[in-house]
Amino acid sequence: MIKLKDLLTEVKPGDVYKDSGGDILLLVKPFIRNKWRFVNFNLQNRMVSGHGTTPEHFYDNTKPLKLSSSHKNTIKKILKNPEDIDYLEKDGDIKVKDVLRVI
């Protein structure tokens, strides 16, 4: 039996949260048990500001944000930058196509 609480707090790929520095944190794919790979985007400076893994329980009680179409287009433009592509794929082991798939 599925509890209502489990339905409301389920974290899934493509969820977007506000980071402490004002950046947007995008959950890309599950990593290992109860951890997720994420990418931080700084939309004001149009750059990838970070990547890594995060525990799922950080986002259990917070509601994910909705991305507007202009934010999605900005993220697509950011991911065309060769420096950001290299930063994600070589250092972070996150493929650009995975990020584009979850937007």
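Biologist: In this predicted model, how many nonpolar, polar and charged residues are in the lining of the second largest pocket?

Modeller: The model is a predicted one, and the lining is sorted here by class. The second largest pocket is lined by 14 residues. By class, these are 6 nonpolar, 5 polar and 3 charged residues.

Biologist: Which elements give two or more residues to the lining of the second largest pocket?

Modeller: The space in this pocket is about 180 Å³. Lys18, Gly22, Asp23, Ile24 and Leu43 are the lining residues nearest its centre. The elements that contribute two or more lining residues are β1 (16-18) and β3 (35-42).

Biologist: Which residue in the hairpin of β3 and β4 takes a positive phi?

Modeller: The hairpin has 4 residues between its strands. A positive phi near 55° is found there at Arg46.

Biologist: What volume does the largest pocket have?

Modeller: The lining of the largest pocket includes Gly14, Asp15, Val16 and Leu26, and also Lys63, Pro64, Leu65, Lys66 and Leu67. Lys72, Val102 and Ile103 are also among its lining residues. By class, the lining has 7 nonpolar, 1 polar and 4 charged residues. The volume of the largest pocket is about 220 Å³.

Definitions and conventions: Residues are numbered from 1 along each chain as its sequence is written. This is a predicted model: local features need pLDDT of at least 70, side-chain atom pairs count only at pLDDT 80 or more; totals for chains, interfaces and linings use all residues. Side-chain values use heavy atoms; hydrogens and water are left out. On a 1 Å grid over the protein atoms alone, a cavity is a set of points where a 1.4 Å probe fits but cannot get out, and a pocket is an open set with protein on both sides within 12 Å along at least five of seven lines; lining residues have an atom within 4 Å of a point. Grid points are joined across faces, edges and corners, and a volume is the space filled by probe spheres set on the points. Ala, Val, Leu, Ile, Met, Phe, Trp, Tyr, Cys and Pro count as nonpolar, Asp, Glu, Lys and Arg as charged, and the others, Gly among them, as polar. Two strands pair if DSSP finds at least two bridges between them.
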